Amino acid sequence: GQAGFCGLLRAGTSFHLTGSFQRNGLAFMRELPAVGEVHVWLRGPEKQGVREAASEAGASNRRSQEDLINVLAGYTGTPPGELTFQRGEMGKPWLPGGPSFNLSHSAGATAIAVSRQEVGIDIEHPNREVSATALASKFFDESECRLIASLPVSSQSLEFLQHWVRKEAMTKLGGEGIFRALRFARVVTGEEGHYRGRRVALYPVANEVGMLGALAVWEPVRVKVFVIPPKSASIA
C-alpha cells in the first residue's frame, strides 16, 4: 500500500499540510490510546473493483491525507491546518509531542495506526493481480518463496499479498520503507516477523473493510479498530 504524503517530504524539516483540507467528523476530541494499545482507523474503498478504485487514485489519496489530519487533530486538540510534522533521518514523518502514527492507502481504502509507541501499517486489495512466484523470487527470501511456490496457483497471489503487507508494515515500523529495507523483513508466521534481527509482533487488519492488511509493532499490543463511515461529511 502507498504511504500517502509521507514519502514526499524532505528529511530534517518541519512542515504543515496546507491547502483545502477540511475539518470533518473525525476531528472530534478523543483520548490517546492507552499504553500497550494501538488504534487502527479504516476507510473502505468507495469502488469495489481494483481497476475502478485505481481510476480515482488522486481523490482517494487526498481523502486518506484528510482522514489522517483529522484523526490526529482529534487526538491532539490541534486544528487540522496547524499540525506541525517533522521527518526522521530515514524519512518517516512524526508528530512532535506524539502520538506515533502511520498511514497506508491502496485501491481507494485507507488505514491509519495511532499509538504511544512506534507502529507500521500496510494494506492491499485482496484481488490485486500479481505475478506471485516471479515477484517473490525477486523480493522474498528462499523459505518464503518455497512456501508460495508450494501452493496451488489459485492461492499464490493471495499468499504473496499477505506476505507483502506484513513485510512492508515491518519496514515502515523501522522507519526505512520498502526500498531500503524490504530484504531485512522476514515473515515467520502470520503473528511474528523478524526485522534486522529484532522480533516484530504482527496483527491482521482491514478485513472489516474488505482489504488485506498488517500492523507491525515491536511489542505485543491490544488493537482497537474504528471503521470510518463512507463519505464522512465535512463539518467545516
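**How many helices and strands does the protein have?**

Solution. Let's start with an overview. The protein has six helices and 12 strands. Here helices (H or I, at least four residues) and strands (E, at least two) are DSSP runs, numbered from the N terminus. This is a predicted model, in which local features need pLDDT of at least 70 and side-chain atom pairs count only at pLDDT 80 or more, while totals for chains, interfaces and linings use all residues. Residues are numbered from 1 along each chain as its sequence is written, and side-chain values use heavy atoms, leaving out hydrogens and water.

**Exercise 1. Find out what share of the protein counts as buried, then look up Ser 60.**

Solution. Step one: buried means under 20% relative accessible area, exposed over 50%, and partly exposed in between (1.4 Å probe, protein chains only). Step two: of the 236 residues, 49% count as buried. Step three: Ser 60 belongs to helix H2 (residues 57-76). Its relative accessibility is 7%, so Ser 60 counts as buried. Step four: the C-alpha atoms of Ser 60 and His 105 are separated by 8.1 Å, although these residues are 45 apart along the chain.

**Exercise 2. Classify the ring pair of Phe 160 and Trp 164.**

Solution. Step one: a pair of aromatic rings is described by the distance of the centres and the angle of the planes. Rings of Phe, Tyr and Trp (its six-membered ring) pair if their centres lie within 6.5 Å; planes under 30 degrees apart count as stacked, over 60 as edge-to-face and the rest as tilted. Step two: a search of the whole structure finds seven aromatic pairs. For Phe 160 and Trp 164, the ring centres are 5.8 Å apart and the planes stand at 25°, so this pair is stacked. Step three: both residues lie in helix H5 (residues 153-173), four residues apart, about one turn of the helix. Step four: Phe 160 is buried at 3% relative accessibility, and Trp 164 is buried at 13%. Step five: together with Phe 139 and Phe 140, Phe 160 and Trp 164 form one aromatic cluster.

**Exercise 3. Describe how helices H3 and H4 are arranged.**

Solution. Step one: two packed helices are described by the angle between their axes and the distance between the axes. Axes are lines fitted to C-alpha atoms, for helices over the stretch in contact, and angles run from 0 to 180 degrees between N-to-C directions. Step two: the axes of H3 (residues 132-139) and H4 (residues 142-149) come within 9 Å and cross at roughly 170°. H3 is therefore roughly antiparallel to H4 (angles under 35 degrees count as roughly parallel, over 145 as roughly antiparallel, 65 to 115 as roughly perpendicular and the rest as oblique). Step three: with contact meaning heavy atoms within 4.5 Å, Ala 132, Thr 133, Ala 136 and Ser 137 of H3 meet Cys 145, Ile 148 and Ala 149 of H4.
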